[in-house]
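Please look at the interface between the two parts of the chain shown here.

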2 protein chains.
Amino acid sequence: MAKITVIGAGAMGSAFTKPIADNGNDVRLWGSPLDNSIIDSLKAGKNHPKHNYPLPKSVKFFYHNELAEALKDTDVVVMAITSDALGTVFEQVVPYLKPGMLVGSVTKGFNYDKSGKIVLLPNILAERLPSRLKQQIDFVFVAGPCKAIEVLWGVPTSVTYASTNIKAAVKLRTLAETEVYNIDTTDDVTSTELCAAMKNAYCVGLGMAEGFPQQKGGFLHKNTKGALFTYAVTEMGIFAKALGGTLGPVLGLPGMGDLELTGEAGRNRTLGEAIGSGLSASQAIAKMKENDITVEGYPAIKFGYLLMKSLEKEGKIPSASMPLLSGLYDILYNDAAGYESIKKLVKLCTAANISNRKM
Amino acid sequence: MAKITVIGAGAMGSAFTKPIADNGNDVRLWGSPLDNSIIDSLKAGKNHPKHNYPLPKSVKFFYHNELAEALKDTDVVVMAITSDALGTVFEQVVPYLKPGMLVGSVTKGFNYDKSGKIVLLPNILAERLPSRLKQQIDFVFVAGPCKAIEVLWGVPTSVTYASTNIKAAVKLRTLAETEVYNIDTTDDVTSTELCAAMKNAYCVGLGMAEGFPQQKGGFLHKNTKGALFTYAVTEMGIFAKALGGTLGPVLGLPGMGDLELTGEAGRNRTLGEAIGSGLSASQAIAKMKENDITVEGYPAIKFGYLLMKSLEKEGKIPSASMPLLSGLYDILYNDAAGYESIKKLVKLCTAANISNRKM
């Protein structure tokens, strides 16, 4: 067993303490400056406020000004910070990293790297590693159908740990796997992280199908959702391959599995439902901003679309081979009409005749 | 345009009249002896009783003793009969078939062929074709995420038409495709029909995850459902390949797409939920029989399991490579405990490490 420090005490970071603590590791949970009230509660022996559920008793809690103590002699650091803050928080962690340590990450999404290029989060971490640590630290990325609170509850769960060094993924699996928290491993970080980011984007489309009954006399549109689901997974496959990844994670837990879960409920679906009910995207986004709700799928559609466009320019994706993402971008960023757009997109996507692919 | 006779006036057969009538075909709907009251309603200009929604005005309706009139000069026959009655009803149709006619089928499932072997429905039709018609009639099979009533409502839908002669599938597509009813085509009948049958079986497993909160203090098990969904599609792929099919339909509308839809609601899911809530399978089945509810997934689990076992014996499937289907069989036919079984199955399935497949 090992000393493991989780950086970020939000929903996923705190839930991740459950399997690793159950496994007998020495677990420390560090709260960012935004997590002070969470750490207050936890230090007082109360439930985690976001989960309204207790964390394992053996976990030790640290305020943001106790980073050195939280990281003292630690073997594994797990980043559980929102995608926009991941880089700056990781910069605070870097001085404490030593050769041989593992860095895990449960954060998902895209961001701009230091040169202004759109990248997946593994690049955000890697570019912040000083030369003394290059090749000395392995990164492991976590994805798959995994609601944080269900991990805390001990619900049977399967996730994927991805690392370019599969031995590192296997090592973290050994530390984290329990009777109910199951882990598979892959060396395909690109495809895993692409799915982790894009499933939120496509889920907004699935949500629209759930919202259509509100503008169509109560008539369900489950057929439409089933079609969109199929085409979303297909496009994640095209996207992953263009970035140098494989279909393994797309057709595994990070892609198909997590899209299924994400389509069941949550903020991405709610945004889609609002548009499906007849609001323009501008109206739907304004409404969510009023209520201080951030939706990961919204920026993911833009990042994903722009990245796809640049891959098209480089000749890595055939032109117009990802109509669904293009259509979602038009709906979300150009206020294209949700219902009419989705109707056309289903037709466009069907024309690609994916059921006859020879695989 | 063509003369098209739909055989069977149940939910799917009657809904199928919508796109073909909208497309200007001469459409006849024949009711089986069980459909008399449906034909009564339709002839009287009333709604279809199962859909509580009107059929297109141009459709002509025929009682079971009017088969000759229904099939007079017809170009296309579409079988829409329950899987257990498909063979005997098709035998009544055969005398009217002429070389060059198309036979479509929206029926899904397994059955025993005349030699007692478990087969998919294409075999049930093919073995009833007299020698004068062999190679003279093309069959086209319909699958994909498609609730009948939503087709009737005109909801955007995508389905797959499969035929060993792809030109036949394309021909039927030309007759049936509309602005909202979209069709892709494949020559992989085996994989398409395997998915059409097995998605009902696996959906019973997804339903269990929906039922678990009832025996686990209200705690949702969406993580479990997402994992089961992924492993179900994976096993359909193993199964399809063992039967000589490809992954195209599995990762297209008939497999992934229809499993997503089927997992949203319906009888297969309801049976799973009852077991997930804590009933034994025997209790859950007895309860559904009391209410005269038949569940396609229940026999599909048995047919699928037995077929898988015989493929194992023939060396076409590696032993123990489909743990989820085996586990579902144990739960449904040996009253294995639902929760503990699924917990173990998620672990077993995760160990296959599918996210690292190189595809």
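## Basis of the values

This is a predicted model, in which local features need pLDDT of at least 70 and side-chain atom pairs count only at pLDDT 80 or more, while totals for chains, interfaces and linings use all residues. Residues are numbered from 1 along each chain as its sequence is written, chains are lettered from A in the order in which they are written, and side-chain values use heavy atoms, with hydrogens and water left out.

## Domains and their interface

Chain A is divided into domain 1 (3-187) and domain 2 (190-356), with bounds that come from an automatic or database domain assignment. The centres of the two domains, taken over C-alpha atoms, are 27 Å apart.

In contact (heavy atoms within 4.5 Å) are 22 residues of domain 1 and 22 residues of domain 2. The buried area, meaning the accessible area (1.4 Å probe) that two parts lose on being put together, summed over both, is about 1,700 Å², and carbon and sulfur atoms give 75% of it.

## Charged pair and the side of domain 1

One salt bridge is found across the interface, the rule being a side-chain nitrogen of Lys or Arg within 4 Å of a carboxyl oxygen of Asp or Glu. Asp258(A) forms a salt bridge with Lys108(A), with the closest N and O atoms 3.9 Å apart.

On the side of domain 1 that touches domain 2, at least two residues each come from strands S6 (110-112), S7 (118-120), S8 (138-143), S9 (157-162) and S10 (181-186) of chain A, where strands are DSSP runs (E, at least two residues) numbered from the N terminus. S9(A) gives the largest share of that side, four residues.
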